[in-house]
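Welcome to this guided tour! Open your viewer, get ready to select residues by number, and follow along one stop at a time.

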Amino acid sequence: MNKKREQQYRELGLTIAYYRKLRGLTQIELAEAVDLSRTHISNIEAPKVKTSISLDKLFDIADILEVPVKDFI
């Protein structure tokens, strides 16, 4: 994975974390709502962990957090 892509995933994860906290959800609650493990959500949000996410799951997360998916990108 190149540096630019790593930065994009990092920013995506931080944005998901921001909106999750804004909605008052824990990682566990978000994970259960989108059928992922808490560890996977944690890895997505962690700025130093290289973890990808499928578009389907990104759409699910956007729906749960009530945020247009375009705001994540």
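Start by selecting Asp35, which counts as exposed because its relative accessibility is 64%. You will find Asp35 in the loop between α2 and α3. Look at its backbone too: Asp35 has a positive phi of about 60°, although it is not a glycine.

**Stop 1: how confident is the model?**

Before going further, remember that this is a predicted model. Colour the protein chain by pLDDT: the mean is 94, and 100% of the residues reach 70 or more. Where is confidence lowest, and where is it highest? The lowest mean, 93, belongs to helix α1 (residues 3-22). Helix α2 (residues 27-34) has the highest, at 98.

**Stop 2: another positive phi**

Now select Glu66, in the segment after α4. Glu66 has a phi near 55°, again a positive value in a residue other than glycine. Is Glu66 buried or exposed? With a relative accessible area of 62%, Glu66 is exposed.

**Stop 3**

Next, turn to the inside. In soluble globular proteins, nonpolar side chains tend to be buried together. The largest nonpolar core here has 15 residues. The largest share, four residues, comes from α4.

Keep Ile53 selected and look around it. Setting aside residues up to four places away in sequence, Ile53 touches Tyr9, Leu12, Ile16, Ile44, Leu58 and Ile61.

**Stop 4: one step back, to Ser52**

Select Ser52, in the loop between α3 and α4. Ser52 is partly exposed, since its relative accessible area is 41%. Leaving aside neighbours within four places in sequence, Ser52 is in contact with Tyr9, His40 and Ile44.

**Stop 5: α1 against α4**

Time to look at whole helices. Two packed helices are described by the angle between their axes and the distance between the axes. Select α1 and α4, whose axes come within 10 Å and cross at roughly 25°. An angle under 35 degrees counts as roughly parallel, so that is how α1 and α4 lie to each other. Their crossing is left-handed. To see the contact, show Leu12, Ile16, Tyr19 and Arg20 of α1 together with Leu58, Ile61 and Leu65 of α4.

**Stop 6: α2 against α4**

How do the axes of α2 and α4 cross? They come within 9 Å and cross at roughly 120°, and α2 and α4 are therefore oblique to each other. This crossing is right-handed. On the α2 side, the contact is made by Leu30, Ala33 and Val34. On the α4 side, pick out Lys57, Asp60, Ile61, Ile64 and Leu65.

**Last look**

Methods. Residues numbered from 1 in each chain as written. Predicted model: local features only at pLDDT ≥ 70, side-chain atom pairs only at ≥ 80, totals over all residues. Heavy atoms only, no water. pLDDT = per-residue confidence, 0-100. Helix = DSSP H or I, 4+ residues; strand = E, 2+ residues; numbered from the N terminus. Core = buried A, V, L, I, M, F, W, Y, C linked by side-chain atoms within 4.5 Å. Buried < 20%, exposed > 50% of the residue type's maximum accessible area, 1.4 Å probe, protein only. Contact = heavy atoms within 4.5 Å. Axes fitted to C-alpha atoms, helices over the stretch in contact; angles between N-to-C directions. Parallel < 35°, antiparallel > 145°, perpendicular 65-115°, else oblique. Left-handed = near helix turned anticlockwise from the far one by under 90°.
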